[in-house]
Amino acid sequence: MGEPEPEPGRRRLYQVWKGSNKFLCGGRLIFGPDAGSLFLSTVLIASPLVGLCFQCVTKLNSGSSDKQALGMPALVATILLGLADLAFLFLTSSRDPGIVPRNARPPERGDDDHAAAAAEDDVATASTEWVVTAANPHLRLPRTRDVAVAGGHVVRVKYCDTCLLYRPPRASHCSICNNCVQKFDHHCPWVGQCIGLRNYRFFFLFISTSTLLCLYVFVLSWLNIAAQRGSHGGSLVRSMTGEPLSLVLIVYTFVCAWFVGGLTVFHTYLMSTNQTTYENFRYRYDKKENPYDRGVPANISEVFCTGMPPSMNRFRAWVEPPEPLDGGPLSSRNKIDLVGPNEKLVDLEMGHHHHHHPGGVPAILQGLHYAEMEKNSASVHIKDRQSAEAPDPFMIPEAPRHDGEVE
């Protein structure tokens with residue numbers, strides 16, 4: 001039996017999703033906006049595998065009695081490693097990395113007593129910024145909040161202007177996918193997806209398998225060249241010129257091994273210290289205490305031995321059309337401003353200061369003397385009225401009529 005027909009106006013969540021993601025198979029697969037790079041990564045992985053498999057088949061069909069490095073075992077191992085690498089690539093790219101559901105409108109009040117008390121206080125101190133919503137300009141929420149995490153540590157979370165929520169600890173907003181992602185690591189252009197809580201495990205397996213695959217092809221290509229020295233008079237140089245495909249694979253895998261191998265080593269360090277790429281570059285935990293570090297065994301176990309948390313979004317669920325906000329057309333814009341004591345916008349993520357236009361007046365309209373403009377407008381209005389009431393000097397006055405006279 002097929003699925004029931006939807007009611008008019010109802011659509012699935014993935015069809016109205018405000019992020020930049022691309023969905024396939026009715027919302028079952030979710031990719032990033034740059035998912036086209038997945039095809040390039042597949043070609044880069046498959047090309048050396050096809051070349052090595054071609055060499056293995058050629059050596060098997062040659063019928064040579066000489067000892068061969070490329071035989072049936074090498075062919076089977078190449079196919080299995082290649083399929084595993086492509087599978088990890090697909091699992092990394094096609095799943096929800098841990099997207100935090102965004103709110104339809106800004107919160108009307110804080111979720112805890114601290115936020116509620118701060119929202120009621122309209123006085124901004126020198127160390128406090130406030131989020132002001134257009135839907136309720138009298139309500140101010142703190143730009144950041146302190147949240148307790150495991151171990152009794154207190155971390156600061158930030159309000160997201162796009163998703164209209166306080167980000168969970170270790171979450172960050174990806175400007176490419178336009179989503180807040182749990183335990184955000186980075187956005188990887190090679191897989192076309194954010195790397196976060198729900199796909200970091202597969203990402204690490206992908207880069208480590210790619211490193212192993214590069215080393216495997218590199219070593220087998222050298223062994224194949226060395227095995228052909230007997231047919232070239234024992235000369236290694238002649239054997240290399242006689243196996244040009246192996247020589248190309250050696251150069252290709254050598255270059256790739258430096259790239260993916262360096263990534264594997266770097267993420268091994270991050271995983272063993274329970275850091276993300278974003279945290280490593282932003283907070284520099286090597287210079288201060290990491291509140292999430294529980295020791296190397298526990299940190300590695302957290303990545304590979306814990307259950308995969310479920311997605312926070314049901315992308316195939318039916319959703320109702322959004323209702324317009326009350327209060328006129330301006331209230332439907334969930335625009336938020338960050339108001340500080342000196343009327344400046346402060347980006348706590350990047351550390352940049354943006355000037356805030358007082359009263360929402362653009363810079364091009366500032367500096368105009370509105371009082372003089374109003375006086376000039378009033379004087380022009382009075383002159384127009386006086387000129388309308390003044391008599392026309394060329395008009396001939398009518399003679400007064402007496403009763404009984406007819407025109």
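Guide: A residue is called buried when its relative accessible area is under 20%, exposed when that area is over 50%, and partly exposed in between. The model before us is predicted.

Visitor: Why is Asn 274 called buried?

Guide: The relative accessible area of Asn 274 is 4%, and the cut-off for burial is under 20%, so Asn 274 counts as buried. Asn 274 sits in the loop between α6 and α7.

Visitor: What makes the backbone of Asn 274 worth a remark?

Guide: Although Asn 274 is not a glycine, its phi is positive, at about 55°. Asn 178, in the loop between β9 (172-174) and β10 (179-181), is also not a glycine and has a positive phi of about 60°.

Visitor: How do you know whether Thr 273 is buried or exposed?

Guide: Thr 273, which belongs to helix α6, has 17% relative accessibility; the limit for burial is under 20%, and Thr 273 is therefore classed as buried. Leaving out residues up to four places away in sequence, Thr 273 touches Asn 290, Asp 293 and Asn 299.

Visitor: What makes the pair of Thr 273 and Gln 275 a polar contact?

Guide: A polar contact needs a pair of N or O atoms within 3.5 Å, and within protein one atom must be able to donate a hydrogen and the other to accept it. The side chains of Thr 273 and Gln 275 make such a contact at 3.1 Å.

Visitor: Which atoms bring Asn 290 and Thr 273 together, and why is Asn 290 called buried?

Guide: A polar atom of the Asn 290 side chain lies 2.9 Å from the backbone oxygen of Thr 273. Asn 290, in the loop between α7 (277-282) and α8, has 10% relative accessibility, and since burial means under 20%, Asn 290 counts as buried. With residues up to four places away in sequence set aside, Asn 290 touches Thr 273, Asn 274, Gln 275 and Tyr 285.

Visitor: How do you know how α6 and α8 are oriented to each other?

Guide: Helix α6 (residues 244-273) and helix α8 (residues 296-304) pack at an angle of about 105°, with their axes 6 Å apart. Angles of 65 to 115 degrees count as roughly perpendicular, and α6 and α8 are therefore described as roughly perpendicular to each other. Met 271, Ser 272 and Thr 273 of α6 make this contact with Val 296, Asn 299, Ile 300, Val 303 and Phe 304 of α8. By class, the residues of the contact of α6 with α8 divide into 5 nonpolar, 3 polar and no charged.

Visitor: Why are α1 and α2 given the orientation label they have?

Guide: The axes of α1 (residues 37-62) and α2 (residues 72-93) come within 9 Å and cross at roughly 170°. Angles over 145 degrees count as roughly antiparallel, and for that reason α1 and α2 are called roughly antiparallel to each other. Among the residues in contact are Leu 38, Ile 45 and Leu 60 in α1, and Met 72, Asp 85 and Leu 89 in α2. The contact of α1 with α2 holds 14 nonpolar, 5 polar and 1 charged residues.

Visitor: Why is Cys 256 called partly exposed?

Guide: Cys 256 has 21% relative accessibility, and partly exposed is the class between burial, under 20%, and exposure, over 50%, so Cys 256 counts as partly exposed. This residue of helix α6 touches Cys 214 and Gly 261, not counting residues up to four places away in sequence.

Visitor: What makes Ser 221 buried?

Guide: Ser 221 has a relative accessible area of 0%, and because burial means under 20%, Ser 221 is classed as buried. Ser 221 lies in helix α4 (residues 200-227) and, beyond its neighbours within four places in sequence, is in contact with Ser 246, Leu 249 and Ile 250. Ser 221 and Leu 249 are 28 residues apart in sequence, and 6.8 Å apart in space from C-alpha to C-alpha.

Visitor: Which spans does UniProt annotate as "transmembrane region"?

Guide: The unreviewed UniProt entry places that feature at residues 69-91, 202-225 and 245-270. In the model, residues 202-225 are 100% helix and 0% strand, with end C-alpha atoms 34 Å apart. Residues 69-91 are 87% helix and 0% strand, and their end C-alpha atoms are 33 Å apart.

Technical notes:
Residues numbered from 1 in each chain as written. Predicted model: local features only at pLDDT ≥ 70, side-chain atom pairs only at ≥ 80, totals over all residues. Heavy atoms only, no water. Axes fitted to C-alpha atoms, helices over the stretch in contact; angles between N-to-C directions. Helix = DSSP H or I, 4+ residues; strand = E, 2+ residues; numbered from the N terminus. Parallel < 35°, antiparallel > 145°, perpendicular 65-115°, else oblique. Contact = heavy atoms within 4.5 Å. Nonpolar A, V, L, I, M, F, W, Y, C, P; charged D, E, K, R; others polar. UniProt positions renumbered as here; feature names shortened; annotations may be inferred. Buried < 20%, exposed > 50% of the residue type's maximum accessible area, 1.4 Å probe, protein only.
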